[in-house]
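Notes are in the order I took them.

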Amino acid sequence: MSLATADKASRFALFTPKLVTVLREGYGPRDFRQDFIAGLTVAIVALPLSMALAIASGATPDKGLLTAVVAGFLISALGGTRFQIGGPTGAFVVVVFNVIAQHGFDGLVLATLMAGVMLVAAGFFQIGTYIKYIPQPVITGFTSGIAVIIASSQIKDFFGLTLDKVPADFIPKIEALAKALPTTSPATLAVAAGSLAVIVVLRRFRPSWPGFLIAVVLASAAVWAFHIDTATIGTRFVGLKPHFELPPLPSVSYERLRDLFPSAFTIAFLAGVESLLSALVADSMTGNRHRSNCELVAQGVANCASALVGGLPATGAIARTATNIRSGARGPIAGMLHAVFILIFLLVAWPLTGFIPLAALAAVLAIVAWNMSEVERFRHLMKAPFGDRAVLLVTFGLTVIVDLTVAIEVGVVLAAVLLMHRLSEAVEVQANIKLIDEDIADDAPQDSRPVTQSELPPGVIASVIRGPFFFGVAMRLGETLDRIGKPPRVFILRMRAVPLIDGTGATAIQSLIARCHKHGTTVIMTALHAQPRQVLQDMGILDSGIILVPGIDAALAEARKIVGASA
């Protein structure tokens, strides 16, 4: 085989769906049975979520279910992950609502089509490899901001407020809702609070049960049995019936494409980031590796197909993907079956949705917003260096107050400027060090000599990080353990060549330590400089059960003790 042919075959392998890989490995009745159970479980979770997210986005509930059917099936069938579950997610609520309000639903169809084309192009140009470089403060900032907006959008239905029109902007919206608080409906509030309580209690004591669906079913039964006066899907969307005819294609003009481009780019960005984050979560839960660019192509095809049938934007859903894995899924067929089960519900049981109270769906979205807010990660990043905190708060504030597109653009640019400033500081520090003084400087970590494989006791691995450890290289650390294979007894992380670290790098180290502890691996860290030590100390990582030593000789001594004790 020639080099050109081999390179072409290797490139083609990058875009081979995981479904093909799973079938090649061998797929039998036992695997299908597991996928059948997992697909049914995920469909039960996705049913109320898809309807609630569609309503919050300013669309009708059938659009959410249609998106879960079409996009969910294609994301699983064509994607680069084994366990990804696709469909509408909370990340799109803000941008979809704004597009429908400003350009109508046909504008959303066109924007989703544009986003799908962007995602396909990004996959073929292998941009998925670079999406992982988006810093954590930017991701956490806009996801937390979206959570706040989703929560605020559900106040009206949660309390049953009498309000003709809710302003789109956040501050006027809060002012209007506050003025309308005296119109609160006690019956609606009781339904919402009861639904919320059911979900919280089930998550606490029966986490394996489908809390969302149980809460919605109980609330619907109570409203029907006791004739509770509260708004339902049937009263809000009178005469709504799902239809499967292809909608007319939207009108296309240069001016319209130009106006919709920022929203389309935001949809593509969110779909790419969230799907790859979901894939990383799935990899960490299963030990598998996803194909990022194949995943982007699948997301693009799925969004184009969803738009053509009148659906909403879609991406990989982290919570539903995790549910799929915990339910014992064996491969992508579980996600495809989840779409089939939702389609059966649309065809057979759609009239039952008319009894679902909007207050119960508001309770579901309140939980979704809380999960998206990532309070613990937000609090954790607030202990990071000042620059990371600034990026986090600016992105969060702009998402809530101004616009999601502006927030992402400003957050990424601000993070890049911060990175250049840190790199310039690092170069300056290194340039001022005289080689003749390097070994005698009192404050310089002594860990310079290389280590041969023969010096490492059995079950001990040593890894070196060189250079500034920032968001651009942080994701590579997790790949270290993947390449090792069998978890070692001791993992030595040499940090002498790391002059500085940012919040994303510190988070990556924390994730590595958690993975090591999960497999019974002791982590020894050597030769921390002042800046990384301060960051890791402030973020509580040095207190997470690692051993800190001044150099490699001390690390080897500790490793021998640990290996000897375990033997």
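**Entry 1: what I'm looking at.** I'm working from a predicted model, and I'm reading it as such.

**Entry 2: α7 against α19.** I started with helix α7, residues 136-153, and helix α19, residues 386-401. How do their axes cross? I get roughly 30°, with the axes coming within 8 Å. Angles under 35 degrees count as roughly parallel, so I'm putting α7 and α19 down as roughly parallel to each other. The crossing of α7 past α19 is right-handed.

Next I listed who touches whom. On the α7 side I have Pro137, Val138, Thr140, Gly141, Phe142, Ser144, Gly145, Ile146, Val148 and Ile149. They meet Asp388, Val391, Leu392, Thr395, Phe396, Thr399 and Val400 of α19. Sorted by type, the residues of this α7 and α19 contact come out as ten nonpolar, six polar and one charged.

**Entry 3: α7 against α17.** Then I turned to what α7 does with helix α17, residues 358-373. Their axes are 8 Å apart and the packing angle is about 160°. Anything over 145 counts as roughly antiparallel, which means α7 is roughly antiparallel to α17. I noted a left-handed crossing for α7 and α17.

From α7, the contact uses Thr143, Ser144, Ile146, Ala147, Ile150 and Ala151. From α17, I wrote down Leu365, Ala369, Met372 and Ser373. The tally for α7 with α17 is seven nonpolar, three polar and no charged. I also flagged Ser144 and Ile146, which turn up in the α19 contact and in the α17 contact.

**Entry 4: Ser185.** Where does Ser185 lie? I find Ser185 in the loop between α9 (170-180) and α10 (186-205). Buried or exposed, I wondered about Ser185? Its relative accessible area is 18%, and the cut-off for buried is under 20%, so Ser185 goes down as buried. Leaving out residues up to four places away in sequence, Ser185 touches Phe159, Gly160 and Asp229.

**Entry 5: cysteines.** How many disulfides are there? I count zero, taking sulfur pairs within 2.5 Å as the test. Cys294 has 2% relative accessibility and so counts as buried. Cys304, at 17% relative accessibility, counts as buried too.

Definitions and conventions: Residues numbered from 1 in each chain as written. Predicted model: local features only at pLDDT ≥ 70, side-chain atom pairs only at ≥ 80, totals over all residues. Heavy atoms only, no water. Axes fitted to C-alpha atoms, helices over the stretch in contact; angles between N-to-C directions. Helix = DSSP H or I, 4+ residues; strand = E, 2+ residues; numbered from the N terminus. Parallel < 35°, antiparallel > 145°, perpendicular 65-115°, else oblique. Left-handed = near helix turned anticlockwise from the far one by under 90°. Contact = heavy atoms within 4.5 Å. Nonpolar A, V, L, I, M, F, W, Y, C, P; charged D, E, K, R; others polar. Buried < 20%, exposed > 50% of the residue type's maximum accessible area, 1.4 Å probe, protein only.
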